[in-house]
Amino acid sequence: RAKRRPGSSQSQIAFWAENMQTDHMSDGLPRYYGLNPVFFTLNEPEAKLLTQTWTAIADDMNLVQHLLALYFCWEYPTLASLSKEHFLRDFRDGRHRYCSPLLVNALLALGCRFSTRPMTRANAEDSHSAGDHFFKESQRLLDQETDHHSLTTIQALGIMSIREASCGRGSESRYYAGQSIQLAFEMGLHRTHDEGDQDELAVRLATFWGAFSLDQ
């Protein structure tokens with residue numbers, strides 16, 4: 001199951017994450033190159049087309065991309081709960097197949113854990129509130145769903161589990177991890193299929209193994 005991360009290590013990672021680049025945007029946010037070629041960097045003309053943040057909490061696309069970059073840089077290589085390529089492609093294009101407001105808010109809540117910037121906190125004066133506003137929105141969207149049997153919801157539950165573990169809330173983390181793997185089994189994601197949509201197969205596999213790894 002997801003393990004709690006020591007607070008000192010979390011702070012050190014946040015410091016590294018915020019200072020890993022010397023090239024910055026005009027608003028002070030670092031420019032990240034690790035999301036290419038699926039995701040456009042912030043300085044490219046194509047990035048101006050990205051106007052949908054997928055969250056009601058923030059309308060600043062630079063901030064949203066910054067937080068996603070932190071997640072994909074520091075958490076995704078350790079435990080992938082989704083397919084980066086398919087998520088970012090749909091995030092960019094505004095498609096709901098492999099992207100959803102619930103999933104994006106969960107990712108942003110976790111991304112905030114790797115940032116020391118006051119703008120990522122629900123309370124700018126309280127570093128422990130980093131990402132709380134995005135997480136609360138994730139919970140609201142989850143409660144609004146009438147059917148949780150979707151790939152993005154399973155992925156979001158996994159991300160919420162990791163986020164709660166990083167906050168030291170083991171019981172909550174185990175709850176979300178348990179919900180994620182239960183839904184994965186109910187959707188039959190553990191069954192292999194040799195034929196069909198290759199994109200769908202890739203995302204189903206990534207989703208199942210992400211949920212399975214969290215539940216160990």
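Guide: Helices here are DSSP runs of H or I with at least four residues, strands are E runs of at least two, and both are numbered from the N terminus. With that in hand, welcome to this predicted model.

Visitor: How many helices and strands does the chain come to?

Guide: By that count there are eight helices and zero strands. Read from the N terminus, the elements go α-α-α-α-α-α-α-α.

Visitor: What makes Leu-79 count as buried?

Guide: The cut-off for buried is under 20% relative accessible area. Leu-79 has 19%, so the residue counts as buried. Its place is the loop between α2 and α3.

Visitor: What is Leu-79 in contact with, beyond its neighbours within four places in sequence?

Guide: Its partners are Tyr-71, Ile-162, Gly-210, Ser-213 and Leu-214. Ala-211 is 132 residues away from Leu-79 in sequence, yet the two C-alpha atoms are 9.7 Å apart.

Visitor: Which share of the chain's contacts joins residues 24 or more positions apart?

Guide: Among contacts with a separation of 6 or more, that share is 66%. As for burial, 49% of the 216 residues count as buried.

Visitor: Why is Thr-55 called buried?

Guide: Its relative accessibility is 11%, and buried means under 20%, so Thr-55 qualifies. This threonine sits in the loop between α1 (7-19) and α2. Leaving out residues up to four places away in sequence, Thr-55 touches Val-64, Asn-105, Leu-108 and Phe-134.

Visitor: What does the side chain of Thr-55 reach at 3.1 Å?

Guide: The backbone nitrogen of Ile-57. A polar contact needs a pair of N or O atoms within 3.5 Å, and the 3.1 Å between the Thr-55 side chain and that nitrogen meets this distance limit.

Visitor: How do you know that the span of α5 is close to the expected one?

Guide: The expectation takes 1.5 Å times one less than the number of residues. For the 13 residues of α5 this gives 18 Å, and the helix reaches 18 Å from its first C-alpha to its last.

Visitor: Why are the buried residues of α5 said to line one face of the helix?

Guide: Let's start with who they are: Phe-134, Phe-135, Glu-137, Ser-138, Leu-141 and Leu-142. Viewed down the axis of α5, these buried residues fall within an arc of 160°, so they line one face. An α-helix has 3.6 residues a turn, so residues three or four places apart point the same way. Lys-136, Asp-143 and Gln-144 lie on the other side of α5 and are exposed. The cover over the buried residues includes α2, α4, α6 and α7.

Visitor: How do you know that Gln-155 is buried?

Guide: At a relative accessible area of 2%, against a limit of under 20%, Gln-155 counts as buried. Gln-155 belongs to helix α6, and its contacts more than four places away in sequence are Ser-81, Leu-82, Leu-103, Val-203 and Thr-207.

Visitor: Which residues have the most contacts inside the largest nonpolar core?

Guide: Tyr-71, Leu-82, Phe-87, Phe-91 and Leu-107, in a core of 50 residues. Helices that each supply at least two of its residues are α2 (61-74), α3 (84-93), α4 (101-111), α5 (132-144), α6 (151-166), α7 (170-186) and α8 (198-214). Take Leu-107: setting aside residues up to four places away in sequence, this leucine touches Leu-68, Tyr-71, Leu-82, Phe-87 and Ile-159.

Definitions and conventions:
Residues are numbered from 1 along each chain as its sequence is written. This is a predicted model: local features need pLDDT of at least 70, side-chain atom pairs count only at pLDDT 80 or more; totals for chains, interfaces and linings use all residues. Side-chain values use heavy atoms; hydrogens and water are left out. A nonpolar core is a set of buried Ala, Val, Leu, Ile, Met, Phe, Trp, Tyr and Cys residues joined through side-chain atoms within 4.5 Å. Buried means under 20% relative accessible area, exposed over 50%, partly exposed in between (1.4 Å probe, protein chains only). Contact means heavy atoms within 4.5 Å. A polar contact is a pair of N or O atoms within 3.5 Å; within protein, one must be able to donate a hydrogen and the other to accept it, and residues adjacent in sequence count only if both atoms are side-chain atoms. The arc is that of the directions from the helix axis to the C-beta atoms.
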